[in-house]
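Hello,

Here is the structure I promised to pass on to you. Please have a look at it first, and then read my notes below.

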Amino acid sequence: NDTQYSPSASGCWEFDGADDLINCGDMEMDGWTALTVEAWYKAGEDTTTERRMLSKDQLGVQGAWFLRKKDEDLEWYFNDGSWKYAIYSSYSEDLNWHHIVGTLLNGTSTLYLDGVEVASVGSVGALDDADNEKVVIGADSDIASPEEEWLGQIANVQIYNRGLSELEVLHNYNALKGRFS
């Protein structure tokens, strides 16, 4: 299967939930002290429990991270030697566009949905890039045998080598919400 780009649907990639992914290559994070991962997504009608939007992961390796939908939760996972996660459990799936952001700033990992903080966890340690894993849109980072493939659309992916503030996250949401409504 090939991931499809749809300029008519707000300029997004369309994923069918079966072996579709975009391999963005290895992103070196050595020396980073903060991180932001951001995207717009629209979930498809789905009964599968786990679907990843963005990943740079290898199980149990420091520096790994991912954003995903699992059952009725949205999750931002980060590994600083052990997994830390911010989980939004009050998420109600719909077929609308949403803005999702995961940040790591000043030792806190925070998840935002549509410009609003929905979950956070403190005591997050340093970034490291020992895994040399690929950044992947629409699945986990195992390119040869992907799992948790996304079903739906993903657009406007951004990765920053700094943690965006709450005000910057809200600004980014407001700047593009008209395009995705």
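Predicted model: local features only at pLDDT ≥ 70, side-chain atom pairs only at ≥ 80, totals over all residues.

Strand β7 (residues 73-79) and β8 run antiparallel and are joined by 6 bridges.

Strand β8 spans residues 83-88, with Lys84, Ala86 and Tyr88 on its covered face and Trp83, Tyr85 and Ile87 on the uncovered one.

Next, glutamate 75, which sits in strand β7. Glutamate 75 counts as buried because its relative accessibility is 2%, under the 20% cut-off. Its side chain makes a polar contact of 2.5 Å with that of arginine 68. Beyond its sequence neighbours up to four places away, glutamate 75 touches residues including Phe66, Leu67, Lys70 and Leu111, as well as Ala86 and Ile87 of the partner strand. From glutamate 75 to tyrosine 85 the C-alpha distance is 6.8 Å, at a separation of 10 residues in sequence.

Finally, glutamate 149 lies in the loop between β12 (134-137) and β13 (151-160). Glutamate 149 is buried but has no salt bridge, and the nearest side chain of opposite charge, arginine 51, is 5.0 Å away. Among the residues that glutamate 149 touches are Gly17, Asp19, Asp20 and Gly138.

Enjoy looking around!

Best wishes

Technical notes:
Residues numbered from 1 in each chain as written. Heavy atoms only, no water. Buried < 20%, exposed > 50% of the residue type's maximum accessible area, 1.4 Å probe, protein only. Helix = DSSP H or I, 4+ residues; strand = E, 2+ residues; numbered from the N terminus. Pairing = 2+ DSSP bridges. Contact = heavy atoms within 4.5 Å. Polar contact = N/O pair within 3.5 Å; in protein donor to acceptor, adjacent residues only side chain to side chain. Lys, Arg positive; Asp, Glu negative; His and termini not counted. Salt bridge = Lys/Arg side-chain N within 4 Å of Asp/Glu carboxyl O.
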